[in-house]
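User: I have a chain open here and would like to go through it with you. Could we start with the terms and then work through the parts?

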Amino acid sequence: MQRLHHSFLQLRHTSPLKLFALAAAFILVSASLVFYSTPAGPSGVDLVASLPSSNDTESKGTCYVDLELLRSHGYNSSANYARLEIAVTRTENFTGFSDTLPARFPAYQKIRLDTVKPWLPLSPKICSPAVTIQAPLPVAPPNASHILFGVATTLRRLDESLPAFAHWAAGTDARIYAVVDSEVGSEIRRVQQRAKELDIRLTIIQSDDERLDQYFSLLRVLLKHRDASTQWAVLIDDDTFFPSMRNLVNRLAIYDPTKPQYIGALTEDLAQMFSWSYMAYGGAGIFLSMPLLEQLDKVYDDCNAIKTTGDRRVARCIYTHTPTKLTWDRDLYQLDLRGDASGFYESGRPLPLSVHHWKSWFQADMVGLGQVAAVCGDACLLHRWRLKDNWFLVNGFSMIKYSSPENVDLMEKTWEDSKYRGGDGFAFSLGPFRRKDEDKISFRLQNATRQDGSVRQIYIHDLGAEKPPEVLEVVWKPASG
């Protein structure tokens with residue numbers, strides 16, 4: 001106290017300029033102490049690594065929490081944050097992913113979101129890989145120049161679909177022909193330029209026909225634009241998604257394109273089939289060989305007079321005028337599932353060749369799903385790993401813990417029941433099932449981004465307005481060395 005009193009006596013005789021300098025220094029030191037006194041999270045691990053400089057934003061790597069991203073999802077108070085880092089070694093000796101992961105669900109740290117800071121730096125020990133796994137060597141996109149895709153949609157929906165199309169079509173030389181309503185030329189050019197920037201070979205064709213007539217017109221559009229290498233014409237919807245173009249190219253290679261071929265998938269719902277018939281449903285993709293397309297062109301006008309849905313019109317034309325029948329490829333999926341389709345994606349079954357309805361009948365972020373392929377390849381998409389503490393990481397979709405460990409290898413039936421009255425309308429296509437687990441804990445993918453060679457996935461468990469959300473960030477990164 002005497003020393004403090006002496007200091008104040010000295011201040012009385014100090015010049016105003018020196019007083020100002022001392023006051024500024026005191027404020028700066030106090031502000032620093034306030035920042036560094038931020039308490040650690042519940043597990044006692046200090047989240048804050050060091051005070052970043054103004055020039056540190058570009059060089060912070062991936063060891064931080066993106067507060068702006070969490071706030072963009074409507075969370076503005078606090079969140080319980082956990083982070084799981086997985087290192088990936090790409091090797092030519094890869095033989096397949098295991099079904100287990102020698103890691104546990106990481107501890108939570110409480111973070112504040114009611115701050116102006118855009119991001120929160122983390123301690124390096126939180127950003128250390130919990131496990132290292134092997135994955136196949138990176139490969140170039142497959143050559144799909146022998147496949148023509150056709151879609152009838154609006155220009156707005158086409159524009160919205162380009163990021164999803166880029167996942168499977170970019171850099172493959174597959175050509176996409178989109179028939180849309182007549183639009184302003186500048187808008188057409190903008191969408192085509194965006195497709196070019198995404199490395200998608202897109203041609204937009206304007207038409208004043210009705211939408212279902214536009215769909216059927218794709219048969220002639222694709223036949224007109226074939227070249228000597230073309231083997232397949234594929235009709236898709238604007239929400240058809242192919243998780244792996246390489247898998248699709250390899251699957252088509254088992255079929256003989258020199259013969260009439262009509263390949264696709266049925267609806268998964270018997271009630272839908274009784275309404276719309278036995279045919280290739282358009283959302284899963286309708287695959288037509290060139291010989292069949294030539295046969296259909298000869299009866300085009302007669303078939304176009306059948307005023308029904310596009311995929312049904314194609315089916316009736318084939319069945320009425322050719323002896324070709326449907327080949328049901330069981331890895332193509334129409335996904336006529338309403339409500340919660342998580343049981344399908346979380347089943348641990350092989351990666352589908354196609355999925356549909358992912359942004360209409362139910363919600364699943366297919367664009368986010370595909371991001372992680374940059375680090376571990378297509379084969380890791382939707383792969384299900386069981387962690388040591390019985391959590392399951394479904395890569396690119398969710399992190400889940402079931403209320404019971406029994407029958408977890410059966411598909412959980414999470415979606416709405418079929419209106420079929422002769423039993424379970426979905427059993428013939430997707431069974432066997434287990435009941436919906438009403439008490440399972442589910443973190444769903446909300447965001448996935450590539451950064452510095454890594455992929456950051458944000459999975460969120462929303463506990464309602466009264467409780468802070470639980471946030472799990474899974475970071476996939478190339479193994480060092």
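Analyst: Gladly, beginning with the naming: helices (H or I, at least four residues) and strands (E, at least two) are DSSP runs, numbered from the N terminus. Arg156, for instance, lies in helix H4, residues 155-169. This is a predicted model, in which local features need pLDDT of at least 70 and side-chain atom pairs count only at pLDDT 80 or more, while totals for chains, interfaces and linings use all residues. Residues are numbered from 1 along each chain as its sequence is written, and side-chain values use heavy atoms, with hydrogens and water left out.

User: OK, and is Arg156 buried or exposed?

Analyst: Arg156 counts as exposed, because its relative accessibility is 54%, where buried means under 20% relative accessible area, exposed over 50%, and partly exposed in between (1.4 Å probe, protein chains only). Its C-alpha atom is separated by 9.4 Å from that of Val180, which is 24 residues away along the chain.

User: How many helices and strands does the protein chain have, and what share of its residues is buried?

Analyst: The protein chain has 15 helices and 21 strands, and 51% of its 481 residues count as buried.

User: What's the strand order in the open sheet of seven?

Analyst: The order is E9-E8-E7-E10-E12-E11-E13, with mixed pairing; two strands pair if DSSP finds at least two bridges between them. Strand E9 (201-207) and strand E13 (326-328) stand at the edges with a single partner strand each, so one side of each is left without a neighbour in the sheet. Neighbouring strands are turned by 25° against each other on average, direction ignored, with axes being lines fitted to C-alpha atoms, for helices over the stretch in contact, and angles running from 0 to 180 degrees between N-to-C directions.

User: Which helices pack on it?

Analyst: Among them is helix H7 (residues 245-252), which touches strand E7 (147-152), strand E10 (232-235) and strand E12 (286-289), and whose direction makes about 115° with that of E7. Helix H9 (residues 290-298) also packs on the sheet, touching E10, E11 and E12, at about 90° to the direction of E12. Contact here means heavy atoms within 4.5 Å.

User: Let's zoom in on E10. Which way do its residues point?

Analyst: Trp232 and Val234 point one way from E10, whereas Ala233 and Leu235 point the other way, and all are buried. E10 pairs with E7 in the parallel sense over four bridges, and there Ala233 is the bridge partner of Leu148. With E12, E10 pairs in the antiparallel sense, again over four bridges, and Val234 has Phe287 as its bridge partner.

User: Switching topic: how do H6 and H11 cross?

Analyst: The axes of helix H6 (residues 211-224) and helix H11 (residues 310-321) come within 8 Å and cross at roughly 45°. That makes H6 oblique to H11, given that angles under 35 degrees count as roughly parallel, over 145 as roughly antiparallel, 65 to 115 as roughly perpendicular and the rest as oblique. Residues of H6 including Leu212, Tyr215 and Phe216 meet residues of H11 including Arg313, Val314 and Cys317.

User: Last one: which peptide bond is cis, and where does Leu335, with its positive phi, sit?

Analyst: A cis peptide bond joins Gly431 and Pro432, with omega about 5°, and Pro432 is found in the loop between helix H15 (427-430) and strand E18 (433-434). Leu335 is a residue other than glycine with phi near 55°, and its place is the loop between E13 and helix H12 (342-345). Leu335 counts as buried, at 0% relative accessibility.
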